[in-house]
Amino acid sequence: MSLDSLIRLWHTDPDTAPNFSIWRTTLPRPAQARPFPEDLPAAFREALSQRGIDSLYSHQLEAWSRIRVGKNIVLATGTASGKTLAYNLPIIASLATNSDARALYLFPTKALAQDQLANLQSLQSQIQNLKSSIYDGDTPQSQRGLIRKNARIILSNPDMLHTGILPHHTNWSDFFRNLRFVVIDEMHTYRGVFGSHVANVIRRLKRIARFYGAAPQFILTSATIGNPKELAERLIESSIELIDNDGSSRGERHFLLYNPPVIDKSLGLRKSSMMESVRLTQDLLANDVQSVVFARSRRSVEMMLTYLQTQPPPSLRDTSPKSKGFGGGREGVRGYRSGYLPSQRREIEQGLRDGTVRVVVATNALELGIDIGGLGAAVLVGYPGSIASVYQQSGRAGRGDAPALSVLVATASPLDQFLAHHPDYFFGQSPEQGLVNPDHLLILLNHLRCAMFELPFQKGEGFGSLDAENVKEFLDVLTSNNEAHLSQEKYFWMSDSYPAANVSLRTASPENIILQTTETSDSASQIIGEVDLASAYWMVHPHAVYLHEGQQYFVHELNLEKNIAALTAVALDYYTEPQRETEVQILSESEQSEIKGGEKGWGEIQVTTQVVGFKKLKWMTRENLGEEPLDLPPTELQTTGYWLSVSDETIETLRASGAWTNDENDYGPDWNRIRLAVRTRDGFHCQVCGALESDPSTGLRVSREHDVHHKIPFKAFTSAAEANRLDNLITLCSSCHRKAEQNVRIRSGLAGLSYALSQLAPLFLMCDPSDLGVHTDAAGTIRGAPSIFLYDQVPAGIGFSQKLFEIHDELMARTLELVSECECKDGCPSCVGPGGVNGYGGKQETLEILKLLRQ
């Protein structure tokens with residue numbers, strides 16, 4: 001079996017073929033081969049010949065020529081196009097003729113550095129006195145001194161450069177004095193907050209190199225993005241020459257967009273994108289096509305891994321020897337994500353290369369250029385947040401002239417459905433631009449602290465592209481805080497703290513929670529991984545079911561003082577889902593303006609979030625098996641937000657047409673008497689779980705009275721008298737009442753609009769949906785009018801909120817288009833979100849609001 005047989009199956013299978021809204025085939029492309037340059041040393045010709053390489057691609061030759069004459073370059077060609085060889089050749093050739101010269105290679109992950117070391121060593125094996133070594137957080141202390149002294153090429157990452165090399169530059173004086181080249185690989189990953197941090201780390205690197213008399217040449221590589229030259233120049237703040245004519249060969253490529261079929265047209269419900277992805281992956285397994293499956297989250301990775309490991313494809317379900325050859329089961333299907341130990345990742349990578357791992361389910365941790373061999377297919381479960389990421393993940397399938405296939409499985413989210421129904425929009429868009437803001441106030445201040453710790457600032461000294469006058473203002477602020485001291489025209493670091501240790505380049509939280517299994521009679525305690533502190537509140541809260549490599553773990557305790565979560569391996573029929581509560585406070589308004597139907601604005605806000613409980617959901621069916629409360633501390637995020645407020649006039653217009661259900665219920669003047677009558681009739685017992693309002697053994701009342709619930713929602717009636725009939729009322733405890741409200745609820749038009757906006761906005765911001773938070777204030781307690789808030793999920797913001805303010809009109813127009821075109825009757829996951837199981841979705845209300853905001 002092969003990829004050809006799979007393609008024939010998907011073209012003809014009645015359960016699969018009708019659901020492909022896009023199937024585009026790209027014909028094979030021949031290589032643009034060029035002879036070796038005349039000045040390529042003989043040793044390299046021999047080394048390349050031993051690897052079966054007798055020519056270079058055109059872009060590799062162009063890189064050789066420009067690097068050899070001292071140009072800074074950015075190489076922006078496709079996945080598996082030979083970018084690594086393009087920079088290794090000229091760098092090693094230069095180092096071979098200059099015994100003092102050094103090079104620094106920076107990779108975004110430790111795994112990528114490990115992978116590239118093997119490539120580097122195979123090329124330099126015949127060159128004397130040219131040692132290359134990895135220097136990162138996993139490097140043993142006993143080896144670090146020898147590496148600093150002997151290594152000519154250091155492979156590291158921005159985090160280690162930030163915390164472990166630059167602050168200790170005096171130990172690296174010889175290396176920095178002779179630093180000739182700096183390689184920044186996978187440059188496209190340095191966007192947003194991470195990229196803004198890295199740009200400041202590069203400022204500090206250049207400052208220290210200049211102190212030792214060096215001015216290194218920069219070489220950057222990038223996947224397909226819209227502005228590689230601009231991003232490269234923003235990162236290194238120097239002129240760059242772009243090489244983007246890809247001369248590598250490529251086999252036939254198939255790109256498919258699969259939209260799971262609708263199973264309930266009136267509700268707009270589709271088959272699960274996760275389960276359909278599992279089914280398609282089972283087809284790949286059955287046809288012996290080695291594949292990578294990209295899931296959006298760590299939880300999704302583990303859930304899909306469980307399904308694939310326990311439910312092999314139909315052709316693998318017998319026990320014949322022949323069926324076992326496809327590598328199904330736990331050994332042939334593996335997961336790959338952050339939180340796995342380095343040894344686990346190396347084992348999985350090797351399994352992909354040697355073929356023992358047939359399917360790997362991964363987050364975007366495997367999106368980068370780690371060598372995992374030539375896979376036949378890539379399955380993308382949901383739009384990954386940017387067209388550039390679609391290209392990058394799809395590019396993991398196929399190598400050289402071999403044919404390959406990638407399939408994007410649309411989720412029910414409005415964003416995915418918008419793309420599934422507008423393929424021209426998808427293919428008409430150029431790849432997104434990588435944006436960084438190294439002068440972001442909080443980020444800049446942190447790196448000025450780090451830079452001052454490394455070297456005192458001379459009065460009149462700038463910092464990268466930041467002029468001396470601005471730098472002086474910031475340094476004066478640090479001086480007034482007693483963090484710096486001005487003496488003899490120099491600013492010195494005065495604090496006892498080590499600033500780099502308190503600055504995380506990647507997350508708002510520099511701390512991690514260690515995941516440690518509890519000791520049992522059968523096994524000793526062991527560390528299975530880690531999660532960052534911000535994620536720990538919802539991933540490993542007490543009594544959570546945590547998934548790791550397909551194994552379930554029950555969390556006994558989350559110790560926030562010791563940063564340890566205690567777990568035990570279990571086999572349960574459910575998983576857990578956290579429940580959060582959010583409050584928003586406006587700190588300052590940056591801009592505010594009137595719009596049709598209301599107002600829009602953006603500014604600084606504070607978001608307080610607390611994980612207050614969790615649900616237990618049954619595998620496969622998602623049946624709610626119960627809920628438990630949690631008592632965890634709240635977390636605070638000071639960021640920027642965009643808000644949309646609906647005017648009083650708009651609300652009155654909606655009320656008059658019966659399209660406004662956000663007002664608080666007025667149960668009538670007799671409500672207290674009716675509540676007591678219902679609770680008395682029901683014996684003060686919850687009619688679902690039986691809980692009593694008072695404890696018979698003590699006679700003490702509980703802290704709150706039971707609730708009285710409307711079986712048919714109050715807002716479904718035209719009068720309170722009708723709604724408050726005793727046969728429509730029932731006594732419920734607070735927990736059971738919450739469940740009932742989720743099951744039978746009316747989704748307001750404002751909530752529907754909030755859902756649609758939050759799902760569609762990432763397409764226009766070119767960001768990941770998780771980069772945005774959303775909050776609906778139907779009561780108008782924050783701004784005095786019902787409002788929707790969309791906010792940056794990073795401290796101090798990164799510019800998304802201002803962008804939303806600017807594109808407000810286009811966002812409203814596209815959202816109206818999305819909701820209007822959806823085929824459901826009253827709301828579904830693909831437009832305004834569903835109501836409860838027996839509820840009302842609010843689609844018509846949302847449409848009425850959008851029309852008034854667009855008139």
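## Basis of the values

Residues are numbered from 1 along each chain as its sequence is written, and side-chain values use heavy atoms, with hydrogens and water left out. Because the model is predicted, local features need pLDDT of at least 70 and side-chain atom pairs count only at pLDDT 80 or more, whereas totals for chains, interfaces and linings use all residues.

## Aromatic pairs

The whole structure holds 15 aromatic pairs, where rings of Phe, Tyr and Trp (its six-membered ring) pair if their centres lie within 6.5 Å, and planes under 30 degrees apart count as stacked, over 60 as edge-to-face and the rest as tilted. One of them joins Trp-10 and Phe-20, which is tilted because the centres are 5.8 Å apart and the planes meet at 40°. Trp-10 is buried at 0% relative accessible area, and Phe-20 is buried at 13% (buried means under 20%, exposed over 50%, partly exposed in between, with a 1.4 Å probe and protein chains only).

Trp-643 and Phe-789 also form a tilted pair, 5.9 Å centre to centre with 50° between the planes.

## Charges over rings

Arg-144 lies over the face of Tyr-135, 5.5 Å from the ring centre, and the charged end of Arg-207 sits over the ring of Phe-457, 3.9 Å from its centre; the criterion is NZ of Lys or CZ of Arg within 6 Å of the ring centre and within 35 degrees of the ring normal.
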